[in-house]
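The following exercises ask for a reading of a protein model. Each task is followed by a solution that goes step by step.

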Amino acid sequence: MLFRSKAGGEGKLFGSVGNSDIVEGLKKAGHTVERAEVRMPNGPIRQVGEHAVQLHLHTDINVDLPVVIVGEE
């Protein structure tokens, strides 16, 4: 999943990408996921680059979702 966000010269985001942003991105892609199903082990994303997010869909069903944040000036 790809996100574009405003970032400074060092790759630090002006703000962050959190659970709600992931849910909205998945909704735009045609997938319905609840906010509570999105697991972000390191908290909200605040740096550009590739990050790991996990979707906890059922008791024993976890799906790894690669998230790429691209900085915009």
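Helices are DSSP runs of H or I with at least four residues, numbered from the N terminus. The model is predicted.

**Exercise 1. Locate E24 and K27, and state what links their side chains.**

Step 1. E24 and K27 both belong to helix 1. They are three residues apart, about one turn of the helix.

Step 2. Side chains of opposite charge can pair when their charged atoms come close.

Step 3. The side chains of E24 and K27 meet in a salt bridge, with 3.8 Å from N to O. The structure holds one salt bridge.

Step 4. E24 has a relative accessible area of 40% and is therefore partly exposed. K27, with 52%, is exposed.

**Exercise 2. Determine the strand order of the open sheet and how its strands pair.**

Step 1. The sheet has four strands in the order 1-6-5-3, and its pairing is mixed.

Step 2. Strand 1 and strand 3 (38–39) each have a single partner strand, so they stand at the edges and one side of each is left without a neighbour in the sheet.

Step 3. Strand 1 and strand 6 run parallel and are joined by five bridges. Within this pair, F3 has I69 of strand 6 as its bridge partner.

Step 4. Strand 5 and strand 6 run antiparallel, with nine bridges between them. A hairpin of two residues connects strand 5 to strand 6, and L55 stands opposite V63 in strand 6.

Step 5. Strand 3 and strand 5 also form an antiparallel pair, joined by two bridges. Here R39 has Q54 in strand 5 as its bridge partner.

**Exercise 3. Is S5 buried or exposed, and which residues does S5 touch?**

Step 1. S5 lies in strand 1, which covers residues 2–6.

Step 2. Its relative accessible area is 15%; because buried means under 20%, S5 is buried.

Step 3. Leaving aside residues up to four places away in sequence, S5 touches L13, I69, V70, G71 and E72.

**Exercise 4. Describe the largest nonpolar core and the contacts of V67.**

Step 1. The largest nonpolar core has 16 residues. Those with the most contacts inside it are V17, I22, V38, I45, V67 and I69.

Step 2. Strand 2 (12–17), helix 1 (19–28), strand 5 (49–58) and strand 6 each supply at least two residues of this core.

Step 3. V67 touches M1, F3, I22, I45, G49, E50, H51 and V53, when residues up to four places away in sequence are not counted. Among these contacts, I22 and I45 are also listed with the most contacts inside the core.

**Exercise 5. Which residues make the nonpolar surface patch, and how accessible is V63?**

Step 1. L57, I61 and V63 make a nonpolar surface patch of about 220 Å².

Step 2. V63 is placed in strand 6, residues 61–72.

Step 3. The relative accessibility of V63 is 34%, so V63 counts as partly exposed.

**Exercise 6. Where does T32 lie, and what separates T32 from L57?**

Step 1. T32 is placed in the loop between helix 1 and strand 3.

Step 2. Because exposed means over 50%, T32 is exposed at a relative accessible area of 77%.

Step 3. T32 and L57 are 25 residues apart along the chain, and their C-alpha atoms are separated by 11 Å.

Conventions
Residues are numbered from 1 along each chain as its sequence is written. This is a predicted model: local features need pLDDT of at least 70, side-chain atom pairs count only at pLDDT 80 or more; totals for chains, interfaces and linings use all residues. Side-chain values use heavy atoms; hydrogens and water are left out. Buried means under 20% relative accessible area, exposed over 50%, partly exposed in between (1.4 Å probe, protein chains only). Contact means heavy atoms within 4.5 Å. Patches are made of residues with over 30% relative accessible area and no salt bridge: like charges are joined within 9 Å, nonpolar side chains (Val, Leu, Ile, Met, Phe, Trp, Tyr) within 5 Å. Accessible areas come from the Shrake-Rupley method with a 1.4 Å probe; for residues, only the protein chains shown count as cover. A salt bridge is a side-chain nitrogen of Lys or Arg within 4 Å of a carboxyl oxygen of Asp or Glu. Two strands pair if DSSP finds at least two bridges between them. A nonpolar core is a set of buried Ala, Val, Leu, Ile, Met, Phe, Trp, Tyr and Cys residues joined through side-chain atoms within 4.5 Å.
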